[in-house]
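Please look through this structure with me. My notes are meant to be read beside it.

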There are 2 protein chains.
Amino acid sequence: MKFSCLKSELSQAVQIASRSVANKPQTPIMSGIYLHAVDNMLELQATDYEIGVILHIPAEVEKNGEVVVSGRYLQEVVRTLPEEEVKVEYDHDTKILKISSGRSNFTLLSMNAADYPQITRIKESKHFKVSSAVLKDLIRRTTFACSSDETRPVFTGALLELENDSIRMAASNVHRLAVNEGKIEENAEEKNNYIVPKRVLEEFQHIMSSEVPEEVAVSCTRSEMSFETEKFYLTTRLIEGQFPDYRRAIPEQFATRVQMKTADFLAAVSRVGLIARSSEYNTVKLIFNMGEVHISSDNPIVGKAEETVPADIDGEDVKIAFNAAYLIDVLKIVNGEEFMLFMNDSLKPAAVRDLEKQDFVYIITPVRTKN
Amino acid sequence: MKFSCLKSELSQAVQIASRSVANKPQTPIMSGIYLHAVDNMLELQATDYEIGVILHIPAEVEKNGEVVVSGRYLQEVVRTLPEEEVKVEYDHDTKILKISSGRSNFTLLSMNAADYPQITRIKESKHFKVSSAVLKDLIRRTTFACSSDETRPVFTGALLELENDSIRMAASNVHRLAVNEGKIEENAEEKNNYIVPKRVLEEFQHIMSSEVPEEVAVSCTRSEMSFETEKFYLTTRLIEGQFPDYRRAIPEQFATRVQMKTADFLAAVSRVGLIARSSEYNTVKLIFNMGEVHISSDNPIVGKAEETVPADIDGEDVKIAFNAAYLIDVLKIVNGEEFMLFMNDSLKPAAVRDLEKQDFVYIITPVRTKN
């Protein structure tokens with residue numbers, strides 16, 4: 001194998017690939033990144049069996065070939081190279097990979113490419129196409145609501161639901177639920193749903209950090225899902241199990257509708273929540289009354305906090321308590337300058353809606369308090 | 001106690017004070033910050049018995065008084081306040097401290113101010129004055145060389161040596177030594193030396209983050225030292241013991257003098273050092289010969305790296321090996337575009353000098369290698 005390529009492109013690809021390398025590899029080969037030079041293209045692969053990524057960058061390939069080298073060292077070495085031109089050569093006899101740039105020469109010990117569990121692309125599958133902007137918005141507004149409790153695996157991922165040209169994503173940790181919706185461009189199947197691990201969705205966000213929208217081809221089987229653009233192929237195992245019917249958690253009617261300034265309410269809840277943070281349920285109490293909301297918290301070993309924020313209240317006065325973190329999380333992803341909070345009473349689930357994204361909804365269960 | 005003050009000033013002072021609050025306080029009162037409002041001034045104190053800090057900020061004091069409140073919560077609450085005007089009031093009956101700003105009201109439980117181990121200022125002492133710029137430069141160029149090995153306490157601090165109008169600071173971990181020198185403005189005593197804990201010197205750097213030089217009054221007894229400016233009083237216990245005579249570690253003559261570009265050599269050593277990092281001594285080998293230095297490292301489980309950098313060599317060729325981190329640390333604090341490396345042979349200590357700071361010297365012991 002012999003090729004040259006640009007440091008910036010190689011470095012970016014290796015950085016992305018190394019995030020899919022297992023933190024605690026079960027066998028040495030799993031600590032590696034697989035490199036394959038062929039047809040003026042360098043392919044990189046990394047996987048930890050749960051998720052996997054394939055990347056391509058342009059390369060001037062003089063001699064085709066493949067090799068596996070330590071992901072950690074490859075990342076550190078490539079990032080630090082002095083010049084934009086990088087020359088890479090693998091010596092099959094000594095099993096050594098040479099990386100040169102400017103006056104710098106590195107040699108890295110290699111592992112046997114034949115031992116590497118190459119990622120198999122999903123072939124027979126249901127598939128659809130979606131804009132990366134739509135997918136990123138779906139992920140950003142839902143995955144934060146996932147659970148990290150591995151004893152209930154379905155809640156550690158997001159439900160992805162397809163129906164004609166609609167794509168919906170829902171995530172919950174039982175106490176709260178976030179649902180977001182978008183449009184897909186091309187859908188080969190009618191109705192289907194999948195539970196996608198939070199980790200791969202976050203990885204997708206990371207790889208797609210550019211603001212420029214791209215078309216993403218999504219392929220799914222019952223056990224796997226892949227996301228593909230011109231530059232990368234990201235694949236994951238799906239979570240088995242049945243995601244509860246989230247629609248039943250969304251109340252149909254509300255007795256009170258409140259409109260508030262997002263930034264003001266977020267700042268006030270964050271401040272008042274400081275005092276509650278070390279208490280059991282991180283509880284802030286809200287009293288909606290007379291055109292304002294009174295926000296308070298009380299921690300017997302720290303002190304108290306209270307603040308009022310103007311609120312446009314339509315309906316019954318409400319006294320309700322929430323986990324401050326559950327409010328803060330959703331207020332951070334609201335785009336609109338103002339947002340809506342819908343409530344019934346102090347015991348029934350409330351809803352948050354973003355005035356600038358009507359098909360997003362967030363359901364939050366109140367905390368029961370003594371008074 | 002009742003006063004009002006500016007959020008920005010209070011927040012900065014509380015943030016500094018909270019760094020001197022014990023991480024694991026032995027008694028609850030030690031988790032607190034002491035506040036004392038008197039004469040249009042708010043005084044803050046924090047100490048963990050090893051170091052202590054007193055700060056003053058302007059305040060409109062309506063009623064004098066003192067109180068101790070949780071450092072952690074005070075810091076978080078003050079930082080988050082919505083408006084620049086902050087009102088603080090202590091109710092002696094309920095023992096509650098009220099903090100208000102805009103529409104935000106906090107109450108914090110308090111501790112008994114009488115229980116607080118107030119910091120006693122050093123009175124009978126030797127003392128001198130020095131510009132903060134001089135002191136900061138002394139600290140920046142030496143404390144990185146300290147040891148963190150608590151079994152040899154003298155090396156966990158820097159030696160501060162006074163002689164007439166000179167101030168010298170020296171720090172070592174046995175394998176390397178950094179010595180820097182400056183001028184003091186006013187010295188009441190002739191010759192003296194102290195071992196100052198690294199932690200307080202770093203704290204001084206942190207507090208004096210402004211680029212504007214100020215006069216610092218330093219007071220010393222055999223067991224304590226304090227640094228005082230208009231705004232703060234920082235005090236510390238000194239380290240007991242005898243710092244070895246560092247002058248004996250500085251060779252008088254060198255067979256080889258090399259001048260190199262600081263940034264180029266630093267970048268090359270950093271790169272080549274990557275491969276050595278996980279090996280026992282983090283060793284990079286240097287060969288000075290024919291107008292360049294060949295830098296290499298070799299790690300049997302990772303691979304190799306090598307690079308050459310132009311070097312203006314005056315004297316014998318040298319083959320020598322160093323701990324890469326010990327080179328990188330000093331190259332980061334060299335100001336000059338070029339620096340000097342002085343050597344004798346592969347076993348004798350070498351010296352690094354900064355062309356823009358003649359009275360700084362860094363001694364580094366080579367690593368013995370097999371070939």
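1. Confidence. This is a predicted model. Chain A has a mean pLDDT of 95. In that chain, 99% of the residues reach 70 or more. The scores for the model are ipTM 0.88 and pTM 0.91. Keep one caution in mind: where pLDDT is low, predicted coordinates should not be read in detail.

2. The contact between the chains. Chain A gives 25 residues to the contact, and chain B gives 25 residues. Which elements of chain A supply at least two residues each to the side that touches chain B? They are helix H2 (71-80), strand E9 (104-111), helix H5 (262-276) and strand E22 (303-310). By class, that side of chain A holds 11 nonpolar, 8 polar and 6 charged residues.

3. Strand to strand. E9(A) is joined to strand E22 (residues 303-310) of chain B. The two strands run antiparallel, with 5 bridges between them. Find A:Leu108 in the model: its bridge partner in E22(B) is B:Gly303.

4. Helix to helix. Two packed helices are described by the angle between their axes and the distance between the axes. H5(A) packs with helix H2 (residues 71-80) of chain B at an angle of about 170 degrees. Their axes are 10 Å apart. Angles over 145 degrees count as roughly antiparallel, so H5(A) is roughly antiparallel to H2(B). From H5(A), the contact uses A:Ser270, A:Arg271 and A:Leu274. From H2(B), it uses B:Glu76, B:Val77 and B:Thr80. The classes in this contact are 2 nonpolar, 2 polar and 2 charged residues.

5. A:Asn164. This residue is not a glycine, yet it has a positive phi of about 50 degrees. Where does A:Asn164 lie? It lies in the loop between strand E11 (157-163) and strand E12 (166-172) of chain A. Is A:Asn164 buried or exposed? A:Asn164 has 11 C-beta neighbours inside 10 Å, so it counts as exposed. The cut-off for exposed is 12 or fewer.

6. A:Val174. Here is another positive phi, about 85 degrees, and again the residue is not a glycine. A:Val174 is found in the loop between E12 and strand E13 (176-183) of chain A. Why is A:Val174 exposed? It is exposed because 12 other C-beta atoms lie within 10 Å, and 12 or fewer counts as exposed.

How values were computed:
Residues are numbered from 1 along each chain as its sequence is written. Chains are lettered from A and ligands numbered from 1 in the order in which they are written. This is a predicted model: local features need pLDDT of at least 70, side-chain atom pairs count only at pLDDT 80 or more; totals for chains, interfaces and linings use all residues. Two residues are in contact if their C-beta atoms, placed from the backbone, lie within 7 Å. Helices (H or I, at least four residues) and strands (E, at least two) are DSSP runs, numbered from the N terminus. Ala, Val, Leu, Ile, Met, Phe, Trp, Tyr, Cys and Pro count as nonpolar, Asp, Glu, Lys and Arg as charged, and the others, Gly among them, as polar. Two strands pair if DSSP finds at least two bridges between them. A residue is buried if 20 or more other C-beta atoms lie within 10 Å of its own, exposed if 12 or fewer, and partly exposed in between; C-beta atoms are placed from the backbone. pLDDT is the predictor's confidence in each residue, from 0 to 100. Axes are lines fitted to C-alpha atoms, for helices over the stretch in contact, and angles run from 0 to 180 degrees between N-to-C directions. Angles under 35 degrees count as roughly parallel, over 145 as roughly antiparallel, 65 to 115 as roughly perpendicular and the rest as oblique.
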